[in-house]
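Good morning, and thank you for making time for this presentation. May I ask you to look at the sequence and the structure as I put them up?

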Amino acid sequence: MGFRPTALRLANELKITGEVKNSGGNVQIIAQGENKALVEFSRRLIDIFKIESLNEEEINQSHFTEFKIVHSENDFTVPFITPDLATCEHCEKELKDENNRRYAHPFISCINCGARYSIIKALPYDRESITMSQFPLCEKCQEEYTTSDNIRCHAQTIACNDCGPKTNIPISEAVDILKSGEILAIKDIGGYHLACKCESEIAQRLREIKGRETKPFAVMFGSVDEIKQYCEVSKKERELLTSSARPIVLLKKIKDLPQGICDDSDFIGAFLPCNPIQILILEKVSPLIMTSANISGEPIIIDDESIKKFGVKVLSHNREILTPLDDSIVKVVKNRVQTVRRARGYVPLAIKVGIKANSDILALGGDLKSSFAIMHDQYIYPSQYFGDLEDEECLQKYKSNIERFKTLHSFSPKTVVCDAHPLYYSSQVFPADKRIQHHLAHAYSVIAEHNLQGDTLSFVFDGTGYGDDGAIWGSEVFLNTKRVEHLEYAKMIASDEISKNADLCLACYEKSNPIINKAVESSINAVNSSSMGRLFDAVSALLDIKHYNTYEGECAIALERCARKAKKPYYIRHSFSPTEIIDEIKSANAPKEEIALGFHYMLAELILKTAEKYGVEQIVLSGGCFNNEILTSKAIELLEEKNYRVYINSIVPCSDQGICVGQAYLQALRQVKE
């Protein structure tokens, strides 16, 4: 990003002549000058940019009289594309400077910031290939665009108040709408947000509009100092909050916001403004609930027509958004960054892994928290989060973005891999050549991003995944690719209700419901299950903490919150038997907070004892249950005390959004072996 204009500026400074151009996924420079200057030129470019690889050669070339940026060439390998990046400090300073000609310009950007991936129509990344092409540059912007020492030299999103995109209403009017207690739809970089003041009554109206019962809202603050009034903020968390990705960061709550915003959580999903529109609004009214404009379960809205269905006032603009991008979500556990949702600010950055694919691979991921990935050479490019593919809109966005990814990356997959589940929508989008077991893909998503070599013992705990034996798996231990341990099977009702109704889960474990018992005994709509997620639900119901999931993981989150209140854990013997675990809890004579904490610690001890049984140094933790901070922290702590090397998902989520990475990596491994 900004490579060509930086090369131009340095060349002029060092009296070097030649040219620079984009060439597919690479940059090509011809540089002519004194040897000392050429060495310095190369050194400074390497210092400024993260360069994956560099080739130098001497060539015979006609004499250049100047250094210039020449038109890009469309001779692609699979390229690297820059994600959408938050407004930089320089642009924010200009935005707030009344004497600057871009004062209060809602689309201010430069070579270091602004929309990228969400507005690219095609590569190479030039003005005519993005949605800014419809806004011809004014004379002043054109001069800046061609001036080598200007921060907007060859900045493709360059614009100003005279020649750039326009909002449908003034920012001041948007601020007044929010201050008056109304809900406002705001068109941002990756789609619309629904925003309102942090007040209980307004939050309840927003819940009704979105169909969101109790799940906490994310909150946008005007500054880190304001966040610190409500949350603990470590050095690493501050770095995440202020990074160019500007993700939502899950922070420990020290002060409650008004009721109805994030009551059922010990955390606040806090984030800072990432674009000029948000900066201008939050400067006048802060904090704000800032949530994706969608009905729960559907994709974020990006078009100006669909937003009308919410019946709220709208702050829109006339720059087209080409792909939906939710806000990314991250957190810090044991000083390690965990990505909860990978989207704006990170997509479509590539992950460099330790092996090369012999041919290009498309990995389709799963149906829940869907995401796909492409793999070329030694790089995996995961897509953004789309949602549940059971929703028709999500499915269509998922399909269209596969085509967009393939076009932008000049990518023609030779192999398509999918989840082993025979009825997944993702498995039917394209004819798949290979199927990969769900939990094995979870494990290898960690192995891929950490470039692990040698033996690994992987613990994958989640809710549901189709097993090789037709059972529902969810508490799997793999020695490399071999399944070696799991929770003992329990007969579960085979319906979607089992993932929502914690009382139903408990009844299946206890065999306490005659109707369910008859169905199970007759094998009517029943299936073997080793799901760890369902065990969390059952324990939540058993301790009378939460009995129903109105959103994914709600009972488990409530169980963790209860455990966090305990001063000490009640000891529970570690076991792979759900029945033994539940019987111990039923006979426990202790406060439910201590029992809840004891349950978490028991699972961490189970991980340690299993690791000791197999004696493998590298331990992998993955699957949605490892979004649980108590479980993850305690497991890491116990393992590291015994000198195990512990690896968790960081760049991609441990939830189902990450399995596309594991699928691609495993297929590449198979290619190598073949």
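Lys546 and Glu554 are joined by a salt bridge, with 3.5 Å between their closest N and O atoms. By a salt bridge I mean a side-chain nitrogen of Lys or Arg within 4 Å of a carboxyl oxygen of Asp or Glu. Please bear in mind that this is a predicted model: local features need pLDDT of at least 70, side-chain atom pairs count only at pLDDT 80 or more, and totals for chains, interfaces and linings use all residues. Residues are numbered from 1 along each chain as its sequence is written, and side-chain values use heavy atoms, with hydrogens and water left out.

Are the two partners buried or exposed? Lys546 is partly exposed, at a relative accessible area of 23%, whereas Glu554 is buried, at 4%. Here buried means under 20% relative accessible area, exposed means over 50%, and partly exposed lies in between, with a 1.4 Å probe and protein chains only.

How many salt bridges does a search of the whole structure find? The search finds 34. One of them joins Lys308 to Glu305, at 3.2 Å from N to O; both Lys308 and Glu305 are exposed. Another pairs Glu199 with Lys197, whose closest N and O atoms are 3.3 Å apart. Glu199 counts as partly exposed, because its relative accessibility is 36%. There is also a network of salt bridges, which links Lys252, Asp266, Glu560, Arg561, Arg564 and Glu629.

I turn now to helix α13, which covers residues 502–510. Helices are DSSP runs of H or I with at least four residues, strands are runs of E with at least two, and both are numbered from the N terminus. Of the 9 residues in α13, 7 are buried, and the helix is mostly covered. The buried ones are Ala502, Leu504, Cys505, Leu506, Ala507, Cys508 and Tyr509. What do these buried residues pack against? Their partners are strand β22 (490–493) and the helices α14 (514–521), α15 (532–542), α16 (554–564) and α17 (578–587).

Both ends of α13 deserve a remark. Just after the helix, Lys511 has a positive phi of about 55°.

Next, Gly474, which belongs to strand β20 (residues 472–479). Gly474 is buried, with a relative accessible area of 0%. Ser530 is 56 residues away from Gly474 in sequence, yet their C-alpha atoms are 5.3 Å apart in space. When neighbours within four places in sequence are set aside, the contacts of Gly474 (heavy atoms within 4.5 Å) are His439, Val460, Phe461, Asp462, Ser530, Ser531 and Met532.

Leu38 sits in helix α2 (residues 35–48) and counts as partly exposed, at 24% relative accessibility. Between Leu38 and Pro258 there are 220 residues of separation along the chain and 60 Å from C-alpha to C-alpha. With neighbours within four places in sequence left aside, Leu38 is in contact with Ile16, Ala31, Gln32 and Gly33.

Rolling a probe the size of a water molecule over the atoms shows where empty space is left. On a 1 Å grid over the protein atoms alone, a cavity is a set of points where a 1.4 Å probe fits but cannot get out, and its lining residues have an atom within 4 Å of a point. The structure holds 2 cavities of 30 Å³ or more. Of the 20 residues that line the largest cavity, Pro106, Ile189, Asn275, Pro276 and Arg319 are the closest to its centre. Among the residues that line the second largest cavity are Ile189, His193, Asn275, Asp327 and Arg344.

Where does Asp327 lie? Asp327 is in the loop between β10 (313–315) and β11 (329–333), and it is buried, with a relative accessible area of 4%. Its side chain makes a polar contact of 2.6 Å with the side chain of His193, and another of 2.9 Å with that of Arg344. A polar contact is a pair of N or O atoms within 3.5 Å; within protein, one must be able to donate a hydrogen and the other to accept it, and residues adjacent in sequence count only if both atoms are side-chain atoms.

How values were computed: 1 Å grid on protein atoms, 1.4 Å probe; cavity = no way out; pocket = protein on both sides within 12 Å on 5 of 7 lines; lining within 4 Å. Points joined across faces, edges and corners; volume = space filled by probe spheres on them.
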